[in-house]
Amino acid sequence: MLVSHKIESYSLQIVSNYAGGGGYQIGFLYLYGNDQKILGYLGIIKDGKTLPQNRQYSNTTLAIYFHEAELQHILETLKNESPVSIKFNTKSKWGAIETGKETVGIGELAA
């Protein structure tokens with residue numbers, strides 16, 4: 001089953017000496033939907049380390065993991081695109097951040 005939620009806002013927490021994520025987690029990007037309800041978080045794991053398995057908790061919040069090299073791209077997407085959704089496949093356990101449909105190409109305006 002594919003779970004999908006539109007992201008309305010986010011907050012970033014960078015951590016030091018955190019034991020979660022196999023001891024290699026350096027941050028959390030918390031994602032919120034309507035009425036500031038938490039949708040889940042993106043766990044940021046040190047580059048080169050194995051990512052923990054993505055999951056959906058019993059309270060329906062999601063935990064999706066990415067390497068630290070992806071953090072800047074994710075933040076740019078959240079800042080510059082709309083709409084943005086978090087997606088999770090409960091069977092295969094893949095997770096994603098996804099934008100809505102956009103027009104192909106960036107054209108110049110006629111003078």
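**Why these labels?**

Visitor: Why does Thr60 count as partly exposed?
Guide: Its relative accessibility is 39%. Buried means under 20% relative accessible area, exposed over 50%, and partly exposed in between (1.4 Å probe, protein chains only). So Thr60, at 39%, counts as partly exposed. This is a predicted model, where local features need pLDDT of at least 70 and side-chain atom pairs 80 or more, while totals for chains, interfaces and linings use all residues. Residues are numbered from 1 along each chain as its sequence is written, and side-chain values use heavy atoms, without hydrogens or water.

Visitor: Where does Thr60 lie?
Guide: In the loop between β5 and β6. Phi of Thr60 is near 80°, a positive value in a residue other than glycine. Gln36 also has a positive phi, near 60°. Gln36 lies in the loop between β3 and β4.

Visitor: What makes β5 an edge strand?
Guide: β5 (55-56) pairs on one side only. A strand is a DSSP run of E, at least two residues, numbered from the N terminus (helices: H or I, at least four). The other edge is β2 (9-14). The open sheet has the order β2-β3-β4-β6-β5, with mixed pairing.

Visitor: How do you know that β5 and β6 pair?
Guide: Two bridges join β5 to β6 (residues 62-67), in the antiparallel sense. Pairing needs at least two bridges found by DSSP, so β5 and β6 pair. Gln56 stands opposite Leu62 in β6.

Visitor: Why is Ser85 called buried?
Guide: Its relative accessible area is 16%. The limit is under 20%, so Ser85 is buried. Ser85 sits in strand β7. Neighbours within four places aside, Ser85 contacts Ser4, His5, Lys6, Ile7, Ala96, Ile97 and Glu98. Contact means heavy atoms within 4.5 Å.

Visitor: What makes the bond from Ser82 to Pro83 cis?
Guide: Omega of that peptide bond is near 0°. Pro83 lies in the loop between α1 and β7.

Visitor: Which residues have the most contacts inside the largest nonpolar core?
Guide: Ile7, Leu29, Leu31, Leu42, Ile64, Leu78 and Ile86, in a core of 18 residues. Helix α1 gives the most, with four residues. Such a core is a set of buried Ala, Val, Leu, Ile, Met, Phe, Trp, Tyr and Cys residues joined through side-chain atoms within 4.5 Å. A second, separate core of five residues includes Phe28, Tyr41, Ile45 and Tyr65.
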